[in-house]
Every structure is written in C-alpha cells, then in structure tokens.
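The sequence and structure come first, and the notes follow.

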Amino acid sequence: MSRLYWIETWGCQMNEHDSEKLAGTLEGLGYEPAPSLGASDVVLLNTCAIREKAEDKVYNLLAQLAPLKARRPGMVIGVCGCVAQMSGEGVRERAPLVDLVFGPRAASRLPELLARLQEEKGVVDTTLYQDSLVAGAKAVRESQRAKAWVTVMEGCNKTCTYCVVPATRGRESSRPLDDLLAEVQELAAAGYRELEFLGQNVNAYRCPGTKAGLADLLRAAGRVGGVRRLRFTTSHPLHLRSDIIRAMAEVPAVCDHLHLPVQSGSSKLLQSMRRGYDREKYLAKVGELRREVPGIALSTDVIVGFPGETEEDFQQTLSLVREVRFDQMFSFVFSARPGTVAALLADRTPLERKTERLIELQALQREIQLESNARQIGRVEEVLVESPSRRTAAEWAGRTTSNRVVNFHAPGARPGEFVMVRITAAGANSLRGVLAGEDAVEARPMPEARPA
Ligand code: SF4
C-alpha cells in the first residue's frame with residue numbers, strides 16, 4: 001500500500017511553488033497525495049516567517065496535531081520553509097512532536113532527510129546549499145493548466161533592515177538561462193499559457209557566468225511558441241533597469257502589470273529600512289515605467305509603523321500613494337522579526353496608533369482602487385480563466401493582463417482558456433463582466449466581497 005503525504009503551505013508564491021516541487025519529490029519516491037491531513041504518513045508544513053502572525057499559525061497547527069501524532073507515532077511531521085530555517089532545532093524544542101526540520105535551500109535533499117529519519121530520531125538541516133536550484137523533482141502543478149510558476153533565482157543579497165529573507169533563503173543564486181528556457185518550452189508544450197518567473201529579487205536575475213539578465217530571459221521566453229503571458233515577481237526598484245522596462249514594452253507576452261514594493265514614502269524611513277533608494281528615485285522609476293509602458297498597472301507593498309515613523313513620515317507615505325495611485329497594494333503594520341536590525345531599533349509608536357495609520361492608508365487605497373477599477377467599465381479585456389468564482393457559484397474568475405480579477409458568466413468555459421470579457425461593473429478588489437458580445441445593462445458598484 002503506497003504511503004500518503006500532505007503539504008500545508010503559508011506565505012508567498014515562492015513557497016507555494018516550493019510545495020509543488022516537494023510534492024513532486026514525494027511522488028517520485030512513490031508517495032501519493034492524502035485525502036486529508038489526518039490520513040497522511042508524511043505531513044510537511046511549509047512555513048513563512050515574514051511576520052510574527054505567520055509563525056504563530058505554524059505552532060497552532062502543530063499543537064492541534066499532537067493527539068494525532070500520539071495515536072500514530074509512525075507518522076512523519078516535518079517543518080520546512082522560512083520558520084524552519086530561522087529556528088532550526090528550536091522548532092523541535094518548541095514542538096517536540098516534529099521529526100524533521102529543513103530550510104528552503106535543503107528542500108532538494110528531502111529524499112536523504114527522510115532516509116536519515118529511519119536511523120536517527122529527529123533530523124534538522126538548515127544548510128543554505130548553493131546548488132538548491134538545480135533542476136530537481138518535477139513540480140506537481142495545479143492540474144487545470146491555467147498558469148505555472150518558474151523559479152529563476154533564489155535568495156537575496158540585499159540587507160533591508162526589517163527582512164528575514166536573506167537569513168532564511170541565503171545569498172542570491174540564479175538558474176542558467178538554457179535550463180530555464182527548457183522548462184519554459186516544456187510548460188508551453190504541456191499547455192500552460194501563462195508563466196510567472198519567481199525570485200525574492202527577481203530583477204536581479206543573472207545567468208551564471210554570463211551577462212544575461214531578466215530582460216534577456218523575458219525576450220527569449222517571449223519567443224517560445226504557446227507562451228501567451230509572462231509575469232515576474234518580486235522586483236526591487238533598484239534592479240528595475242531600463243533594459244527590463246524596454247523588454248516589458250517590446251515583448252508582447254510580458255503582461256502590463258508590475259509589483260514594485262515601495263514600503264514607505266518617507267526618504268528618511270527608506271534609509272532606515274536600508275532600501276537603497278529614496279522617494280524621488282522611486283517616483284522617477286515609476287515615471288520611466290509609465291512612459292515606456294503606457295497604462296501599466298502597478299501594485300506595491302507598504303509597511304506602516306516602522307520604528308521611528310513620525311506623523312510626518314506617515315503623511316509622506318500617504319502623499320506618495322496619492323501621487324502614484326497604485327492599482328493594488330499589500331499593506332501591513334511593522335512586525336519586528338528576530339535577528340533583524342530593525343528589531344533592535346527604538347520604537348515608541350503605540351500599536352494602536354500604527355493600526356490607525358494602517359486603516360487610514362487602506363481607506364485611501366480603497367478609494368484609489370475603486371477609481372482605477374471603475375475606469376475599466378466598458379472595456380473589453382482578454383481574461384485567462386483560472387477557477388470558479390469565489391463570489392457566485394455559476395461564475396468563473398480569471399485575470400486580465402493587468403492582473404485585475406474578473407468574475408464573469410461563461411457556461412462551458414474551462415481553466416486555461418482565454419475569453420474576451422466586457423467589463424460591466426467594478427469593486428475595489430475585482431471586476432465583473434460578460435462575455436464580449438453580450439450587452440450588460442447596468443454598471444453599478446459591486447457589493448463588497450465577503451472574506452473567503
Ligand atoms: S529585497 Fe526583499 S527579500 Fe531582499 S532583503 Fe529586501 S525586502 Fe527582503
């Protein structure tokens with residue numbers, strides 16, 4: 001009887017894709033996906049350490065697993081990802097039921113680690129292997145063939161003072177261009193029409209031993225037959241060179257959307273965050289982008305309540321948001337992470353005031369997004385069908401090239417298909433439409449989505 005596995009994933013697309021590869025490794029060893037966590041022989045928790053809350057979720061789940069582990073001591077419980085890398089043996093000290101702890105750069109060693117567990121009680125591997133990106137196991141991707149992730153580089157050489165990624169993912173290492181193009185061709189041949197290139201600092205991609213960078217990868221991938229859409233994330237403003245922007249403008253497959261974290265509108269805070277750019281430099285980069293790629297949709301990340309943030313600094317962030325008018329934003333209250341420089345900085349702003357700032361920022365951004373989405377009404381957009389809509393059972397959900405979510409009625413449509421949709425209504429976080437050709441009668445603001 002084959003052994004069963006279950007993978008629980010938190011965090012970014014990089015973690016989700018790592019879980020796809022871990023599933024591929026386990027299936028390569030003869031495991032099969034379990035119908036439920038409780039029925040599995042191997043449970044892997046692929047964790048995120050970006051904020052304290054994310055880490056707490058892991059230990060809460062481990063506490064719930066304790067009775068199950070007591071009943072089934074042969075079940076293997078593994079913790080991987082960024083919390084595993086950050087805490088190492090500390091994970092087992094805090095949760096003794098855990099058998100296996102390994103960091104993101106040790107994921108390709110999973111077969112050895114499982115074999116070692118036969119001999120040893122408790123295995124921990126937080127080595128930052130530089131060769132972690134060699135073409136490993138085939139990823140078990142979502143079967144619906146809408147889009148596929150491709151990791152182009154791992155790690156980050158930056159030193160942002162609030163961030164754990166350099167510690168949890170190690171130094172930057174990029175995959176060879178021909179290795180990447182082979183994967184792109186394989187995915188296109190398998191029917192994936194949208195590919196997203198992943199890296200913590202993706203626009204710092206550099207093919208080992210050559211001068212080839214992300215722009216070269218975009219141009220080469222854009223020439224592969226069957227590739228309709230290319231996206232890449234996460235970019236750093238300092239590495240958004242003009243050749244990448246030109247490739248975005250000239251390669252038809254590259255989508256007109258970019259995620260470009262700003263983090264703050266205050267140059268003083270950007271310096272304290274060690275982001276390497278100031279407000280003016282960021283605005284100049286946005287200006288260049290919008291000149292070269294007119295109509296490009298921009299999303300960003302913002303931290304409020306960073307140590308030392310004054311009312312004036314916060315006003316700087318609000319004014320930058322008003323000036324850039326992002327189409328989407330992910331915003332959070334600063335979370336001090338162990339081992340980071342920012343965790344040692346004096347922080348006198350009460351959490352209550354930080355939360356008020358977050359609410360104020362999100363209210364402003366909601367207005368901007370409503371306005372930006374309302375401008376889409378009446379347009380006919382190409383939408384990649386992704387999944388059944390979370391809103392209305394009879395509807396599908398998909399994305400435009402500008403990364404806007406559209407809910408629409410399309411009987412008989414299937415994930416991975418492209419359909420033309422006329423936008424008929426707009427909310428702050430998504431649009432609604434009808435298949436082009438069907439006239440919509442009203443364009444009214446959509447009722448607010450209930451959280452999933
Ligand atoms: S560039 Fe991004 S991943 Fe790298 S240290 Fe800064 S915030 Fe972290």
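## Phe418 and its surroundings

Phe418 is placed in strand β18, which covers residues 418-426. The model is a predicted one. With neighbours within four places in sequence left aside, the contacts of Phe418 are Arg193, Arg228, Arg229, Glu382, Val383 and Leu384.

Between Phe418 and Arg109 there are 309 residues in sequence, and their C-alpha atoms are 38 Å apart in space.

## The chain as a whole

The chain contains 13 helices and 19 strands.

Taken along the principal axes, the box filled by the C-alpha atoms is roughly 65 × 55 × 50 Å.

## Helices α11 and α12

Two packed helices are described by the angle between their axes and by the distance between those axes. For helix α11 (residues 279-292) and α12, the axes cross at roughly 10 degrees and come within 12 Å. This angle makes α11 roughly parallel to α12, because angles under 35 degrees count as such.

On the α11 side, Arg279, Tyr282, Leu283, Val286 and Arg290 take part; these meet Gln316, Ser319, Leu320, Glu323 and Val324 in α12. The contact of α11 with α12 has 5 nonpolar, 2 polar and 3 charged residues.

## Helices α12 and α13

Helix α12 (residues 311-324) also packs with helix α13 (residues 351-374), at an angle of about 15 degrees and with the axes 10 Å apart. The two helices α12 and α13 are therefore roughly parallel to each other. Their crossing is right-handed.

From α12, the contact is made by Glu311, Phe314, Gln315, Thr317, Leu318, Val321 and Arg322, and from α13 by Arg353, Arg357, Glu360, Leu361, Leu364, Gln365 and Ile368. By class, the residues of this contact of α12 with α13 divide into 6 nonpolar, 3 polar and 5 charged.

## The ligand shell

Which residues surround the ligand? The shell consists of Cys156, Lys158, Cys160, Tyr162, Cys163, Val165, Pro166, His236 and Arg275. Sorted by class, the shell around the ligand has 6 nonpolar residues, 1 polar residue and 2 charged residues.

Key
Residues are numbered from 1 along each chain as its sequence is written. This is a predicted model: local features need pLDDT of at least 70, side-chain atom pairs count only at pLDDT 80 or more; totals for chains, interfaces and linings use all residues. Side-chain values use heavy atoms; hydrogens and water are left out. A residue is near a molecule or strand if one of its heavy atoms lies within 4 Å of it. Ala, Val, Leu, Ile, Met, Phe, Trp, Tyr, Cys and Pro count as nonpolar, Asp, Glu, Lys and Arg as charged, and the others, Gly among them, as polar. Axes are lines fitted to C-alpha atoms, for helices over the stretch in contact, and angles run from 0 to 180 degrees between N-to-C directions. Helices (H or I, at least four residues) and strands (E, at least two) are DSSP runs, numbered from the N terminus. Angles under 35 degrees count as roughly parallel, over 145 as roughly antiparallel, 65 to 115 as roughly perpendicular and the rest as oblique. A crossing is left-handed if the near helix is turned anticlockwise from the far one by less than a right angle, and right-handed if clockwise. Contact means heavy atoms within 4.5 Å.
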